Amino acid sequence: MRLRLRPMAAAAAAAAVASPIIPSFLHPSRRFCLRLSLSMPRSTQRCFSSRSCVPCRRLTTVAASAKGDIEGVEERFDVIVVGGGHAGCEAALASARLGARTLLLTLNIDRIAWQPCNPAVGGPAKSQLVHEVDALGGEIGKIADRCYLQKRVLNLSKGPAVRALRAQTDKREYAMEMKKVVESTPNLFVREAMVTEILVGNNDKVEGVHSFFGVDFYAPSVVLTTGTFMSGKIWVGRASMAAGRAGESASQGLTENLQYLGFETDRLKTGTPARVDRRTVDFSGLEPQHGDEQVSWFSFDPDFHIEREQMCCYLTRTTKDTHKLIKDNLHETPTYGGWVEAKGPRYCPSIEDKIVRFQDKESHQIFLEPEGRNVPELYVQGFSTGLPERLQLALLRTLPGLENCLMLRPAYAVEYDYLPAHQCSRSLMTKKIEGLFFSGQINGTTGYEEAAAQGLVAGVNAARHSCGSPLIVLERESSYIGTLIDDLVTKDLREPYRMLTSRSEHRLLLRSDNADSRLTPLGREVGLIDDRRWDLYQSKQAHILEEKQRLKSVRVSGGDLAAEVTLLSGQPVKDSVSLESILKKPHVQYNVLDKHGYGNNLLTRMEKECVEIDIKYEGFILRQQSQLQQIVNQQHRPLPDDLDYYSMTTLSLEAREKLSKVRPQTIGQASRVGGVSPADITALLICLETNRRKASERKRLKSQRSFITDVNDLNSSPVLTSHAVNSN
Amino acid sequence: MALRALLGLHLHHLLLRRNPKFHKFPNLFNPKSLIPRSRTLISRFSSTVCSGKNLILTKDERAGTSGTVEGSGTIAAIVTSLGGGPAAVGIVRLSGPMAVDVASRVFRPAKRNGEVPWRPRSHFVEYGLALDLEGNVIDEVLAVPMLAPRSYTREDVVELQCHGSDVCLRRVLRACLEAGARLAEPGEFTLRAFLNGRLDLSQAENIGRLISAKSVAAADSALAGMQGGFSALVKGLRKQCIELLAEIEARLDFEDELPALDSSILIDKINLMWYDVQQALDTANYDKLLQSGLQIAIVGRPNVGKSSLLNAWSKSDRAIVTEIAGTTRDVVEAHVTVQGIPVTLLDTAGIRETDDLVEKIGVQRSEAAAMGADVIIMTISASDGWTEDDKKLMEHLQMNQMSTSFATPIILVINKIDCAPSITEELFEVDTGIFKKHVCTCAVTGQGIVELEKAILERQCEQLLRTREALSRLKSSICEELPSDFWTIDLREAVLALGEISGVDISEEVLSSIFSKFCIGK
């Protein structure tokens, strides 16, 4: 009897702790925990509050170690971010802004947020990522807006969902601006160090990192953003050296440590073209490519909308000489010479690849892009090559305008270690080690924007993990960020992953103009959007809503407006037609209303664009939304973490293997795993329902049985009962 | 579950807005606050996002509220048995979130004329007419709405009780499909009922078996290389759609690097595809078939198992089967239903040179039957392979066909496949051009009968209907001069309609097509 009573009492006690709706930060047990942790030796410090699994954090973290400890100061943080690139910066900033004491470890403080390849931000699909990161309170959009050399909107006439902003950026200024932000953010500490080891405690939980020079840094969350540095090796022709980027040493030892911890690593390759000296290029015969007259912005924050003078890009083309030189020297290139097997990404072929694969094309476009206002370097876009350095200058000089150019840096390829991202869950925390997060190129992506997007998610989740909050997962259908991460952790990727428009099935709903209305409320809730931004956001939404209502109610008959609309759209305009219906007609834009005095001058250009899109494409958007709604219910059914796929004999063998490997979190994710057929998904659903039924059946039987035992107990041991009663 | 989480989140947003206190959390960007302020971290994380609901599908706050639709599509099927002779009543069942919506497009209640939308009262029978999309009356029906959760599947269900003839049922079903429902997979109603918590556990096993059988059958028919007819068309259309997608999407992702899209070529291709689909749907002409039925003549040398095949197919002992060649002397008829279409099977005497007077007349009758049939099944024996006699017989049939200048489709059936399972390879030497398809069967075990039915009537009608819808929408998008990104939406839908079974990753297919076709990259 007593035996049975005890768990009940415990449960009651737990209920008492759990039931009152006291905000957890007011909960007394937390403070108690805190004090306790400070006075305890490190090894036993990890304490948990009695009920929830909230680890009590060592909040006042600079605490010196116990008296008499001669090892010196112990460096303790909430979050450690390893790597200061575009993923690392976003991660560190997000984490610090959420209040977590954050340490950013980088190999070289002067190379924070460096743009080692194309000095540009945005472009199709990538710009959506930038807008989304900005909507969640990230930094990349603001810095790009501040440091642009040129801006253009691409795909202008191809639909609102694929309109894409691209900025050429000043790479020096970009790095400097980001460094300023990083250095001035409270709670964020920067330190040079090469991390060689992940410190893992009991229960496979991360405890910190160990540096090459022998220092341990402690934190319950660690974000790895190693970029191309982990065992990086660069190649020019046949010559190679260990390096993360040209002139910067690689990070050694971490790969082996991760392998030791049980991670699967693999190798990827990418490259960057040569840079030439701007002063030695003759632009007179080249086609200039100017920026937009009306500049658009990545950030939703108008404080960063400061126009500046734009620079020009130039277009040149490969010539017969270029093609001949390459064909004559194919044996000197890694791929065709046969000493490097790894193929580069498909969307980033070397010039030799283009010439070999598309024999019938007589010429290929090459763009010359400035790398900065005070930087003499020009980026030669479309011209990456594996040829040895001694041939590279000759090759460059076959291009019109570059006949007398000087080369500042040779083109090179870089190969590096990455960790196939199926080892992460969609929060970007690894499945093996709790508290360890990966983001950026370590997950097999390429691009600053892809890195920044992952960095933000990893940073938020690292901070949340450090204080025991549940992690956040952005569903695939919510955003390009969600799509990116879902693809990474679910699909079998064999080349560096670049975000592309065609990867997003629901892109009409995931536009850049609505990135804020999709994600800023979440950013606010998480804690990355401050009051000023939130007020701005809310007033913008209010403006848009009011304007849409106004357009619906205001009607016009005939007049200049009707005449012009008829002319533009080729459709007749009825009498007493609402402005809304006018805006729905093809080729009629909001500025037509402005022109005839029917516009609203109080609205910003962005707000007008939002209104126009909402009205013009309403039917399509609604249809897509209802289609999405239809799949969401089934797709987002969660899958338990501990499913034994191997025991589900109704699944195909391949499905069992793949699902065991990926361990998807939802049915939708499972259906996207390669080799899993719709029949497998149906079988999986049946298994789940069967399991659920069996479990509830067991529960029912159990409670029945215990009821029977209860009754038996009462009947058979009256003495004991009376005793219990007495003791009460 | 996730949806609930979602709703939870929205509720929270509402709360957030109503409660002004939430807006005033400490300003973290204050430069004075250099002291770690981790306390705020905890305090702010105590909001709802943090209470375990961590899968987030954010809602676009700007977007209008579309009513939340649950479930995964609306399915339709004829649930009463077909072809078992005319029954008094047959039922077409619709189930899913749009069931009422679809039904209201097909069903016009007799009483409240023209009231849109139809608002049925659950579990009340209404009398009215079933109409096709053009508004033609198909049948008089009774509509029985059973709204969720008080239905078999626990979804909204509408049953349309029609006149029992197969023709009516087929037409009503087709109208439902055209109105937006999807044809139910075998066992799908039961599957939904089970997944929604109905039925008992033992039934799960049956559903599981059904589904695995289905996928095995699909794999088998793919392996058997059954092509021609619709499936070749479907594959071809799908490929074209992917190519068009690649053309458009390459220019969305790599605008700088490619010449502008030649939309007139694209539009021509789309029109051509639409025409192909329309024509296929016209030729399929189910309505005609439903009324007249099909006559299928089984011909072949003596003793290749024609009679056994007829018996196995019609599940009867209609024809006498012996070991003796030439047992069947006269044409024997049996009736079966293939996908709702009444089929008359004609078993014929083995065609051979013979001196037996009776057999001779039989052979003549066989030839006559073959001449009049809609489909000829040329049967050979797997154990003998393609013999000289088979060849002669085939030539004879072709001669007859030439004289009438009417080509009846001929399907080659390789019977007794159990006797020589590996014979097929060798048989490919036969000029397969003259046969529409070939199917391996075993009359003893019934193997191959399903494939044979499929070969006779490929049923990709529904795929084609959905493709046509998507292409029609695409055409109107083009007409309305919508930007090219909008074209991809319906092209993708067409690809989905055309390739449902395979479940492949369309994005990756499009990308492969882009990278193999275009020279792209920095």
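Which residues does I80(A) touch, not counting residues up to four places away in sequence? In this predicted model, the contacts of I80(A) include L103(A) and L105(A). G208(A) and V209(A) are also touched by I80(A).

In soluble globular proteins, nonpolar side chains tend to be buried together.

In chain A, an open sheet is built from five strands. Their order is β7-β3-β2-β11-β22, and the pairing is parallel. Strands β7 (188–192) and β22 (436–438) of chain A form the edges, each pairing on one side only. On average, neighbouring strands of the sheet are turned by 20 degrees against each other, direction ignored.

Within chain A, strand β2 covers residues 79–82 and strand β3 covers residues 102–106. The two pair in the parallel sense over four bridges. V79(A) is placed opposite T102(A) of β3(A). Helix α3 of chain A, residues 86–97, packs on the sheet. The helix touches β2, β3, β7 and β11 (221–224) of chain A. The direction of α3 makes about 165 degrees with that of β3(A).

Note on methods: Residues are numbered from 1 along each chain as its sequence is written. Chains are lettered from A and ligands numbered from 1 in the order in which they are written. This is a predicted model: local features need pLDDT of at least 70, side-chain atom pairs count only at pLDDT 80 or more; totals for chains, interfaces and linings use all residues. Side-chain values use heavy atoms; hydrogens and water are left out. Contact means heavy atoms within 4.5 Å. Two strands pair if DSSP finds at least two bridges between them. Axes are lines fitted to C-alpha atoms, for helices over the stretch in contact, and angles run from 0 to 180 degrees between N-to-C directions.
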